[in-house]
Amino acid sequence: MRMKNLYKKPITNLRCSSWSRYCSISLVILWTLLILGCILLLHLYSNNNTSLNIIHPPPLPSHFHQLQHVEKENFQIPPPNKKRSPQSKSITPLVDEFLDQDSSLRHVFFPHKTIDPMKTIGKGKNDSYNYYYPGKIWLDTDGNPIQAHGGCILYDENSSTYYWYGEYKDGPTYLHNNKGPARVDIIGVGCYSSKDLWTWKKEGIALAAEKTDKTHDLHKSNVLERPKVIYNEKTRKYVMWMHIDNANYAKATVGIAFSDTPTGPFKYLGSQRPHRYQSRDMTLFKDEDNVAYLIYSSEENNVMHIGPLTEDYLNVTSVMKRIFVGQRREAPAMFKHKGTYYMVTSGCTGWAPNEALVHSAETILGTWETIGNPCVAGNKMFRVSTFLAQSTFVLPLTRFPGLFIFMADRWNPSELRDSRYVWLPLIVDGHEDQAFQYGFDNKLWPRVSIYWHKKWKLPLGWNTF
Ligand code: DGJ
């Protein structure tokens, strides 16, 4: 018995002491895990707070949401007249009607109504009268229709002023060689300035046509289209690139000019075929790291090319990437949001409108994917014709990340000087839910939408920096 007891006791003791050691070790581990967990949570919380401060926009005013309202635009398309065949191959009967000078819908496409910002100056507080009316005649501060087609907007930090550059087309429209395409002789690049993106003062012709030397690129008989201007911080020069062509669009080059001031006069340096390829519709894009890129329709408009410019922005480098191969896109307008690159393009149908597409890429020289038609309208005709217009530029509104102004041209091929501006809100919003159309993986992209509005204005506070 005793032996037994003696034998048992130490064992009991041993169990007891190992159990309590086990308990205390577990407690230490638990406490350590708890403390580590708390530290991790605190870290995550503080990180979240930092990123919230950095990337989240200020609370959106209620009329920002109004921009996302889908508006109906109802009009009856008349039965085909003798000019329009019922079997027309045009993308929609609406486009046929649009191209018909005698159309009974002419007043819908090209309303006579003028919008004169000077008439409402001082009338309302906080920009409450600054409404955009896409398609109506927009007057400058002198009361003349703005002439800045196929253009772009540069925000000049030196003068805290916006500059709008575009084709100055205030001359007669005629058919080249009596056959086409419809054209206006080069007058030059119009330049307008504004503080509010609504009231535009004409600054003059920033780059003028050459009137006498027939061998000059800028001779009035040639083509100057889609001028784009960016500022080079290093050289302190304003640099302009533009599509330079001859009247039958066979030359297919890009021209370069620069100026010490945003209003010019710009000094023309000459034209080139970038990377030894054709270049027709084009745009520039200046990235956050100040590297600028030329994007141009090439290879008979079958392929878009993109490549970085030299540091002074006066030339291309040897780097170039071919994108949208075989997709036949033109009128590129590029922008960036939250590190993703986007581009709106049109199809190639001359001055006639067609369906816009939006494309995205995670890196600018990486893989570009086509994600679909961004146009939102309560009317199919408007959706498939880019609101009867063609992309030219996308302007970011830095106060509201994700909100942009989509700038497009509603060309009037029978009277090009009377082409209209279609400015609409472009919003990159919501969860990633758009699959690309041409690709091989399952990537989803954030939704890009351009909303049709007969009348709209920028949200209050858009220009408070
Ligand atoms: C479509 C282009 O986008 C315009 O800039 C212009 O070149 C027309 N073609 C000419 O037909």
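Asp281 is a buried residue, with a relative accessible area of 7%. In this predicted model, Asp281 sits in the loop that runs between strand β12 (267-272) and strand β13 (282-286). Its burial follows from the cut-off, because a residue counts as buried when its relative accessible area is under 20%. The side chain of Asp281 makes a polar contact with the side chain of Arg226, at 3.3 Å.

Both of these residues belong to the surroundings of the ligand. Around the ligand are Glu225, Arg226, Tyr249, Asp281, Glu330, Gly350, Trp351 and Gln390. Sorted by class, this shell holds 4 charged, 2 polar and 2 nonpolar residues. Arg226, the partner of Asp281, also reaches the ligand: an N or O atom in the side chain of Arg226 is 2.9 Å from a ligand oxygen atom. Gln390 has a side-chain N or O atom 2.9 Å from an oxygen atom of the ligand. Gly350 takes part through its backbone, where an N or O atom lies 3.4 Å from a nitrogen atom of the ligand. The protein buries 91% of the 290 Å² that the ligand exposes when taken alone.

The next topic is the aromatic residues. A pair of aromatic rings is described by the distance of the centres and the angle of the planes. Across the whole structure, a search finds 24 aromatic pairs. One of them joins Trp138 and Trp164, a tilted pair with 5.3 Å between the centres and 55° between the planes. Trp138 is in strand β2 (residues 137-138) and Trp164 is in strand β4 (residues 161-168), so the pair links distant parts of the chain, 26 residues apart. Trp138 and Trp164 are both buried.

A further tilted pair is formed by Tyr155 and Tyr162, with 4.7 Å from centre to centre and 50° between the planes. Are the two tyrosines buried or exposed? Tyr155 is partly exposed, because its relative accessible area is 30%, whereas Tyr162 counts as buried because its relative accessibility is 7%.

Trp138 and Trp164 are also members of a cluster linked by ring pairs, together with Tyr132, Trp200, Tyr421, Trp423 and Trp456. Another ring, that of Tyr131, has a charge over it: the charged end of Lys455 sits 4.4 Å from the centre of the Tyr131 ring.

The backbone has some features that deserve a separate look. Most residues other than glycine have a negative phi, and most peptide bonds are trans. Gly180 and Pro181 are joined by a cis peptide bond, with omega about 0°. Pro181 lies in the loop between β5 (174-175) and β6 (182-183). The peptide bond from Gly264 to Pro265 is cis as well, with omega near 5°, and Pro265 is in the loop between β11 (253-259) and β12.

Ala252, a residue other than glycine, has a phi near 50°. Ala252 lies in the loop between β10 (237-245) and β11, and it counts as buried because its relative accessible area is 0%. For Glu299, also a residue other than glycine, phi is near 50°. Glu299 is placed in the loop between β14 (292-298) and β15 (303-308). At 22% relative accessibility, Glu299 is partly exposed.

Where does Thr367 lie? Thr367 is in the loop between β19 (357-361) and β20 (369-372). Thr367 counts as exposed because its relative accessible area is 55%.

Asn379 is in the loop between β21 (375-376) and α5 (380-384). Asn379 counts as buried, because its relative accessible area is 10%. A polar atom of the Asn379 side chain lies 3.1 Å from the backbone nitrogen of Phe382.

Terms used
Residues are numbered from 1 along each chain as its sequence is written. This is a predicted model: local features need pLDDT of at least 70, side-chain atom pairs count only at pLDDT 80 or more; totals for chains, interfaces and linings use all residues. Side-chain values use heavy atoms; hydrogens and water are left out. A residue is near a molecule or strand if one of its heavy atoms lies within 4 Å of it. A polar contact is a pair of N or O atoms within 3.5 Å; within protein, one must be able to donate a hydrogen and the other to accept it, and residues adjacent in sequence count only if both atoms are side-chain atoms. Accessible areas come from the Shrake-Rupley method with a 1.4 Å probe; for residues, only the protein chains shown count as cover. Ala, Val, Leu, Ile, Met, Phe, Trp, Tyr, Cys and Pro count as nonpolar, Asp, Glu, Lys and Arg as charged, and the others, Gly among them, as polar. Rings of Phe, Tyr and Trp (its six-membered ring) pair if their centres lie within 6.5 Å; planes under 30 degrees apart count as stacked, over 60 as edge-to-face and the rest as tilted. Helices (H or I, at least four residues) and strands (E, at least two) are DSSP runs, numbered from the N terminus. Buried means under 20% relative accessible area, exposed over 50%, partly exposed in between (1.4 Å probe, protein chains only). A charge sits over a ring if NZ of Lys or CZ of Arg is within 6 Å of the ring centre and within 35 degrees of the ring normal.
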